[in-house]
Amino acid sequence: MTFSAPVAEQNFVLKHIVGIDALAQHARFADATPDMVQAIVDGIGAFAEGEFAPLNRIGDTVGARLIDGKVVMPDGFVAAYKSYVANGWGSINAPAEFGGQGLPFSMATVALDSLGAANMAFALCPILSVGAIEAINHHGTDRQKALFLPKLSTGAYSGTMNLTEPQAGSDVGALKSTATPRGDGTYHIKGTKIYISFGDHDMAENIVHLVLARTPDGPAGTKGISLFLVPKYRVDENGNIGAQNDIKVVSIEHKMGINASPTCVLAFGEEGECVGELIGPEFGGMRAMFTMMNNARLNVGLQGVQVAEAATQKAIWFARERVQSAKASGPSREPVSIVEHPDVRRMLLRMKAGTQAIRALLYLASGYVDRATLGEAGAQEMVDLLTPLAKTYGTDMGSEIASLGIQVHGGMGFVEETGAAQYYRDIRIAAIYEGTNGIQAADLVGRKLAMQGGDVIRNHLAAISADAAEHAGLSALAAATADVTDYMLNADIDDRLAGSYAYTNMMAVATSGWLMLKQLRAAQGAIANGDTSAFLRAKVAACRYYLDVMVPEAMAFKGSAMVGAELLYTIDAEELAA
């Protein structure tokens, strides 16, 4: 099977969900003309097919290796990365004043969609660089921006986020890494960080580590945390690369998947000098961290789309090639391709519908990022609301679809050489990193629910209800989600948290169902005007399946969302283990 970038689908969603034409009417995004958009969608698709996809297998089987204290990427990765940099694919959304193209974030989303579907582990590298660009652009000094953003924008430098420590996990406030003033405005960084994706590699000229650490007088907890820029190689005032900082790769984690992404344990300043500089104000680390994290959470949700697309393509290919058993209603007992069997059709249509639903959700969020950049009223609140939905539902659905892909392959799906299992092994991490999906759900009910006294969420559900009045299933789900919203706004914190995951799923499916309804209408309208392409016919089928099968399923979440914490504590920890 050869991977094929979903360019028709991407163009359709850009038009009907993102509203890319409307974004291009603003001076900020005037370069996003129809010709430019088409060139990017086609170009990155061809690049992903030709450069990233052929490396997916070797990335999984060989993986990144630690040799003499340095990370070495599998054969082909360095050349492909240099081609990525030379072709400017990393600069799509980067600030124009620092060498980027300044195009909408939604176009960068398309690029990562294609790259990650071709090779999820490889595409993690540019995803992390995007977060570093965001943090430096929002919180860095003019000097820091001038020195680092041009190189990060092209991909000549890559970026990382260094948050987690062995004793801290998701509790960032428990970190112990230190930043000691050196007397010249810089700091000596010391400590150990774990789970650092692309913490070291041999593809870029330099690696810009963004490191959370505590200054000597920093108060305990999150209030005492600051963010530091710590490059692998120090950079002088003219942008020249100098001495290497004391950043040691202790090990690479042996993981379930994403083997081409070196997940490093890094030791900073344990044996020599490790010089970093403050980004933003002292004790402003959490604010700067969330600038990185919110961007990363959307891009991790997009990883669900990426793997869902790849797994669906492979499953459809296999189902068309695999001949087994006669069709129950067939005229003869001759075996047929398994794509003809009803249960296989069910799985394939579910995979296709789920992939399209989460792509629409992630692209909608990216469009609101662009509208927030333009200062559109209410856009940032929608980004805030959609981020936990996109991250949670995107990665959960991506995992479900990858699992279904294995099922379609039958026993051959459980055999590594078919490649079906890799998609599940790769995507399973996405529900865990950048804030577990449980943390996303807690964020929704703990922070986002209270936006404007609950009006942001209420207004969103009201818009869905008004637009979907003629669809009984979606209307019922929107009404049920509104009921749970009222419950959540009045329940105590433990009860909100107990039902938060189910509530997040209800909100995500209601939103995704709304987007699938919009796409159904657009496809049906195009067909009525004479376009009877296979793409549009398949779009109608996928939208109908999602609306008529998957949306009603989400009604079952209502009971879980309102179960209350008391039920979860009817037995204690010892009894739970009995």
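Biologist: Hi! Which side chain does Arg-425 join in a polar contact?
Modeller: The side chain of Glu-416, at 3.0 Å. A polar contact is a pair of N or O atoms within 3.5 Å; within protein, one must be able to donate a hydrogen and the other to accept it, and residues adjacent in sequence count only if both atoms are side-chain atoms. Bear in mind that this is a predicted model, where local features need pLDDT of at least 70, side-chain atom pairs count only at pLDDT 80 or more, and totals for chains, interfaces and linings use all residues. Residues are numbered from 1 along each chain as its sequence is written, and side-chain values use heavy atoms, with hydrogens and water left out.

Biologist: Is Arg-425 buried or exposed?
Modeller: Buried, because its relative accessible area is 16%; buried means under 20%, exposed over 50%, and partly exposed in between (1.4 Å probe, protein chains only).

Biologist: And what does Arg-425 touch?
Modeller: Leaving out residues up to four places away in sequence, Arg-425 touches Asp-60, Met-256, Gly-257, Asn-259 and Glu-416. Contact here means heavy atoms within 4.5 Å. Arg-425 itself lies in helix H12, residues 420-427; helices (H or I, at least four residues) and strands (E, at least two) are DSSP runs numbered from the N terminus.

Biologist: New topic: where does H11 bend?
Modeller: At Leu-386, by about 30°, with Pro-388 following within four residues. The bend is the angle between axes fitted to the seven residues ending at a residue and the seven starting there.

Biologist: How many residues of H11 are buried?
Modeller: 24 of its 31, so H11 is largely enclosed by the rest of the structure.

Biologist: Which residue other than glycine has a positive phi, near 70°?
Modeller: That's Ser-325, in the loop between H9 and H10. Ser-325 counts as partly exposed because its relative accessibility is 42%.

Biologist: Since H10 came up, at what angle do the axes of H6 and H10 cross?
Modeller: Roughly 145°, and the axes come within 8 Å. Axes are lines fitted to C-alpha atoms, for helices over the stretch in contact, and angles run from 0 to 180 degrees between N-to-C directions.

Biologist: Which residues in H6 meet H10?
Modeller: Phe-105, Ser-106, Thr-109, Val-110 and Asp-113. Their partners in H10 include Arg-359, Tyr-363 and Asp-370.
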